[in-house]
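Here is a short tour to read alongside your viewer. Please keep the model open as you go.

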Amino acid sequence: MTGFNHVLTGVTIAVVVQQPVLAPLVALASHFLLDMMPHFGGLTWFNNWGKQLIVLTVMDALLCTIFLLLGITFFPQHIHLILLCAVFAILPDLLWIFHYRYGVQHRFFVFHQAIQRYERPWGAFVEVAFCGLLLSLLWLIINR
Ligand SMILES: [Zn+2]
């Protein structure tokens with residue numbers, strides 16, 4: 001799953017669960033569940049750091065920041081839990097830097113790669129639908 005959906009999921013879990021111990025654990029677990037779902041990826045240009053992947057990564061980071069700021073803006077009473085859950089929700093992907101940049105080999109990376117067997121270009125539609133679902137849920141919570 002793309003980073004922005006992981007972060008948005010972390011924000012949503014913080015707002016819905018509201019438990020300082022349980023929510024970060026649920027956020028971490030959500031990462032692996034989302035990676036098992038069909039999601040965007042599987043394109044050949046993903047394999048090297050070309051212009052397209054850099055643009056996509058920058059856009060993803062921008063959306064991560066926007067969703068985090070929206071969460072903090074609309075739910076300031078949960079700011080610490082939102083930050084914690086957002087980090088836990090995206091943490092496994094942040095760890096990829098140790099694998100790709102520093103060549104760290106660990107069975108965690110094998111596991112993390114193996115669960116992403118439904119990475120497909122059409123997974124972008126799943127990502128958009130999932131994002132819309134979470135934004136709708138947060139909108140309902142804001143307006144209740
Ligand atoms: Zn992942």
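## Aromatic neighbours

F109 has a relative accessibility of 8% and so counts as buried, a label for residues under 20% relative accessible area, with exposed meaning over 50% and partly exposed in between (1.4 Å probe, protein chains only). F108, at 22% relative accessibility, counts as partly exposed. F108 and F109 make an edge-to-face aromatic pair, 5.6 Å centre to centre with 70° between the planes. For such pairs, the ring centres of Phe, Tyr or Trp (its six-membered ring) lie within 6.5 Å; planes under 30 degrees apart are stacked, over 60 edge-to-face, and the rest tilted.

By this rule there are seven aromatic pairs. In one of them, the rings of F32 and F111 have centres 5.6 Å apart and planes at 50°, so the pair is tilted. F32 belongs to helix α2 and F111 to helix α6 (residues 107–114), 79 residues apart; helices here are DSSP runs (H or I, at least four residues), numbered from the N terminus. F32 is buried at 17% relative accessibility, while F111 is partly exposed at 41%. F32, W96, Y100, F108, F109 and F111 form one aromatic cluster.

## About the model

This is a predicted model, in which local features need pLDDT of at least 70 and side-chain atom pairs count only at pLDDT 80 or more, while totals for chains, interfaces and linings use all residues. Residues are numbered from 1 along each chain as its sequence is written, and side-chain values use heavy atoms, leaving out hydrogens and water.

## The zinc site

Which residues coordinate the zinc ion? They are H31 (NE2), D35 (OD), D93 (OD) and H112 (NE2), at 2.0 to 2.2 Å; donors are N, O and S atoms within 2.8 Å of the metal (3.2 Å for Na, K and Ca), and sites may look incomplete because water is not among the atoms. Along the chain the donors follow the spacing H-x3-D-x57-D-x18-H. D35 lies in helix α2 and D93 in helix α4, so this pair ties together parts 58 residues apart in sequence. D35 is buried at 0% relative accessibility, whereas D93 is partly exposed at 22%.

## Helix α1

Of the 15 residues of α1, 13 are buried. Just after α1, Q18 takes a positive phi of about 60°.

Definitions and conventions: Helix = DSSP H or I, 4+ residues; strand = E, 2+ residues; numbered from the N terminus.
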